[in-house]
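Please read the following account alongside the sequence and the coordinates.

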Amino acid sequence: MKVLILNGSPKKTGTIAKLLGAVADGAGERHDVEWFNIGDLNIRPCLACMQCRPDGECVLPEDDAHRVGRIVRGADAIVIGTPTYWGNMSGQLKVLFDRIVTSFIGEGQYGQPLPRHKGKPAIILTSCSAPRVFDLAIGDSRGTLRSVRKITGYGGYKVIGQLVAHGTKGKSRIPQRLKYRARSFGEKL
């Protein structure tokens, strides 16, 4: 199985990277895992020209979004990690998703979205600097999960696990229970 991991955090050793690493460890050597740190990629923003819809691929000059989009199409599972920024995913990840929309969906005769990944597994991880009680009250991480689930849902993915790490501000350690849970998601693949 080809497993694609997208690290939407600019921190290569932060909470999200550590949790994604636990998922990768859980997947073990049974699967071919490919990992992208989105912040390291050269990705131009979407111009909303809509030419990707009939053409099936972005018409901007070749950059890393094209490469990731092709890998998304060939992956058997996707794992997405992002910190919570203002109740949503990181800007870097959003720019990527805007550019590779046709890797997730095709378009029907009447413009309706057609999923390209029907039934494939997806895992979503997010972190939130707010302590759990405050996050539950204001719903920041819920917004992040909702937006990433919408994208995976349009693609036809089945989310087999999601995880929120709360209260991460200024902490370099992740609770062991979260690492175990992330690893168990990888084992489900």
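**Salt bridges, cores and a pocket**

R70 counts as partly exposed, at 42% relative accessibility; here buried means under 20% relative accessible area, exposed over 50%, and partly exposed in between, with a 1.4 Å probe and protein chains only. The side chain of R70 meets that of E62 in a salt bridge, at 2.6 Å from N to O, and E62 counts as exposed, at 52% relative accessibility. A salt bridge here is a side-chain nitrogen of Lys or Arg within 4 Å of a carboxyl oxygen of Asp or Glu.

This is a predicted model, in which local features need pLDDT of at least 70, side-chain atom pairs count only at pLDDT 80 or more, and totals for chains, interfaces and linings use all residues. Residues are numbered from 1 along each chain as its sequence is written, and side-chain values use heavy atoms, with hydrogens and water left out.

The structure holds nine salt bridges. One of them joins R53 to E107, with the closest N and O atoms 3.6 Å apart. R53 lies in helix α2 (residues 52–55) and E107 in strand β4 (residues 105–107), so this pair ties together parts that are 54 residues apart in sequence. Helices (H or I, at least four residues) and strands (E, at least two) are DSSP runs, numbered from the N terminus. R53 is partly exposed, with a relative accessible area of 29%, and E107 is partly exposed at 39%.

K94 is partly exposed, with a relative accessible area of 36%, and D98 counts as partly exposed at 31%. Elsewhere, salt bridges that share partners join R44, D63 and R99 into one network.

The largest nonpolar core has 29 residues, of which L6, L96, F97 and F104 touch the most other members. Such a core is a set of buried Ala, Val, Leu, Ile, Met, Phe, Trp, Tyr and Cys residues joined through side-chain atoms within 4.5 Å. Among the elements that each supply at least two residues of this core are β1 (2–7), α4 (91–99), β6 (121–128) and α7 (140–155). Apart from this core lies another, of 20 residues, including L20, L163, A165 and I174.

Leaving aside neighbours within four places in sequence, F97 is in contact (heavy atoms within 4.5 Å) with L6, I80, M89, F104 and I151. V164, in strand β7, counts as buried at 18% relative accessibility. V164 touches T126, D135, S141, L145 and L178, not counting residues up to four places away in sequence. V164 and I151 are 13 residues apart in sequence and 18 Å apart in space, C-alpha to C-alpha.

The last topic is open space. The largest pocket is lined by 16 residues, of which K11, T15, P83, S127 and T168 lie nearest its centre. On a 1 Å grid over the protein atoms alone, a pocket is an open set of points where a 1.4 Å probe fits, with protein on both sides within 12 Å along at least five of seven lines; lining residues have an atom within 4 Å of a point. α1 (15–27) and β6 each supply at least two residues of the lining. The lining residues divide into five nonpolar, eight polar and three charged; Ala, Val, Leu, Ile, Met, Phe, Trp, Tyr, Cys and Pro count as nonpolar, Asp, Glu, Lys and Arg as charged, and the others, Gly among them, as polar.
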